[in-house]
Amino acid sequence: MEVDQNRLIHWLRELIRIPSITGNEAAIAKYVSRELTDLGFRPQIEENNVFFETGSGSRSLLLNAHLDTVDLAGEWKHDPFGAVMQDGRIFGRGASDDKGNIAALLEIARLSKERRLNGRLIFTFTTGEEFGAALESKGSYLLSQHLTADKALVLEPQFDVAARRFNIIHGCRGIENIKVRIKGKSSHTGYPERGVNAIMRAVQILTKLESLDFHKISVSGQEVKTFCMPIQAAGGADIFLVPAECEMLIHARTAPEDDKIVKQIESLCREVCGDDFAIETPYSAPGYIDDQNDDLLDVARQECQNLKYKTETRFAGGRIDASIFKNVAKIPSFCTGVGDRDQMHLVDEYITVSDFISCSEVLKNIVFAYIG
């Protein structure tokens, strides 16, 4: 039972033609829901997140792809919402990240009607995966409140074209954005001893930050360590005045189970500033790690090998929604998928048609080998 190439291409081009930058997923959610309804399913929509279940049995697998894309940025040669086909490629925002995977899931859903499933498949199409959405407003977080499954397979562009290799992700770092407001005391710059320079306090904090003993764990014999850096700074005063305020945003990529980074930075601030500071975390998302020898990964490796593809099991540096299904819904979660990993977020993003079709075939085989 092979995938239908024409359907896949049609769905992908239609999806690309629907702008769905984070926060504007209503139109694409309606399209996906309508297509699923036409296939004979009864999808539900919750805050523009589309989900449904099919099959029966004790085993269950949740499949996820995200509906949103990053913004355009840069000057495109091809219409970012034109889904232009040229030289064996389909161009457009989301072609690789993540609309190829949405189309693949629609095809897997269609094929699931034609065979008996030895278990349940839970399909989820979610909002807010790309940056810009608070954790609690992400679709995967909302659905994790009431969906359960034995395993979750989150679909992202994880195909390395040159190496002909699928990456299979079994964990990722988390994120902490830590905003620090530092208070000083204003004075005339001719008499700096009468004031306290808030910017100099910030410099002292950042200097000490470099020598912190960050949380670390061992993953497959390699050390994964939390790291952080300042990414924004604001403050200052008029000429001839010592600045009394400074604000900075520290961005941390946290190793799994790091529960101390915020306390570490707060301790540094207190050491330098006493009580003259305030700290908050406007964005926080946990990392996670799962068993790289899980039976779902064994199936994935075998099905890739059957179609002459290499595999590599990896721990991801960037955050993925698998961490939410793992931490919130407590579902063992992994990530792979169609789409060129090097095309994510690029100007003139594209997917190669032949890779899109063959990778969708692999993905379909993984799903039905596990649950079929």
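# Exercises: pockets, cavity and helix packing

The lining of the largest pocket splits into nine nonpolar, seven polar and nine charged residues. Here Ala, Val, Leu, Ile, Met, Phe, Trp, Tyr, Cys and Pro count as nonpolar, Asp, Glu, Lys and Arg as charged, and the others, Gly among them, as polar.

The model is predicted, with local features needing pLDDT of at least 70 and side-chain atom pairs pLDDT 80 or more, while totals for chains, interfaces and linings use all residues. Residues are numbered from 1 along each chain as its sequence is written, and side-chain values use heavy atoms, with hydrogens and water left out.

## Exercise 1: the largest pocket

**Task.** What is the volume of the largest pocket, and which residues lie nearest its centre?

**Solution.** 
1. On a 1 Å grid over the protein atoms alone, a pocket is an open set of points with protein on both sides within 12 Å along at least five of seven lines; a cavity is a set where a 1.4 Å probe fits but cannot get out; lining residues have an atom within 4 Å of a point.
2. Grid points are joined across faces, edges and corners, and the volume is the space filled by probe spheres set on the points. For the largest pocket this gives about 550 Å³.
3. Find the centre. The lining holds 25 residues, and Glu129, Glu130, Arg253, Gly318 and Arg319 lie nearest the centre.
4. Assign elements. Helices (H or I, at least four residues) and strands (E, at least two) are DSSP runs, numbered from the N terminus. At least two lining residues come from each of β10 (174-183), β14 (245-254) and β17 (310-316).

## Exercise 2: the second largest pocket

**Solution.** 
1. Take the volume: about 150 Å³.
2. List the lining: His170, Arg173, Val219, Ser220, Gln222, Glu223, Val224, Gln292, Thr313, Arg314 and Phe315.
3. Sort by class. Three are nonpolar, five polar and three charged.

## Exercise 3: the cavity

**Task.** How many cavities of 30 Å³ or more does a search of the whole structure find?

**Solution.** 
1. The search returns one.
2. The largest cavity has a volume of about 40 Å³.
3. Its lining consists of Phe159, Val161, Gly339, Asp340, Ile351, Thr352, Asp355 and Phe356.
4. β19 (350-352) and α9 are the elements that give two or more residues to this lining.
5. By class, the lining has four nonpolar, two polar and two charged residues.

## Exercise 4: helices packed on α9

**Task.** At what angles do α1 and α3 pack against α9?

**Solution.** 
1. Axes are lines fitted to C-alpha atoms, for helices over the stretch in contact, and angles run from 0 to 180 degrees between N-to-C directions. Under 35 degrees is roughly parallel, over 145 roughly antiparallel, 65 to 115 roughly perpendicular, and the rest oblique.
2. Start with α1 (residues 5-16) and α9 (residues 353-371). Their angle is about 115° and their axes are 10 Å apart. α1 is therefore roughly perpendicular to α9.
3. List the contact (heavy atoms within 4.5 Å). Gln5, Leu8, Ile9 and Leu12 of α1 meet Val353, Phe356, Ile357 and Ser360 of α9.
4. Classify. This contact has six nonpolar, two polar and no charged residues.
5. Turn to α3 (99-112). The axes of α3 and α9 come within 10 Å and cross at roughly 50°. That makes α3 oblique to α9.
6. On the α3 side are Gly100, Asn101, Ala103, Ala104, Ile108, Leu111 and Ser112; on the α9 side, Phe356, Ser360, Leu363, Lys364, Val367 and Phe368.

## Exercise 5: α1 against α2

**Task.** Are α1 and α2 roughly parallel or roughly antiparallel?

**Solution.** 
1. The axes of α1 and α2 (residues 26-38) come within 10 Å and cross at roughly 155°.
2. The two helices are therefore roughly antiparallel.
3. His10, Trp11, Glu14 and Leu15 of α1 contact Ile28, Tyr31, Val32 and Glu35 of α2.
4. Five of these residues are nonpolar, one is polar and two are charged.

## Exercise 6: backbone exceptions

**Task.** Which residues does a cis peptide bond join, and what is the phi of Arg164?

**Solution.** 
1. Recall the background. Most residues other than glycine have a negative phi, and most peptide bonds are trans.
2. The cis bond joins Asp97 and Asp98, with omega about 20°. Asp98 sits in the loop between β5 (89-91) and α3.
3. Arg164 is not a glycine, yet its phi is positive, about 55°. Arg164 belongs to the loop between β8 (159-160) and β9 (165-172).
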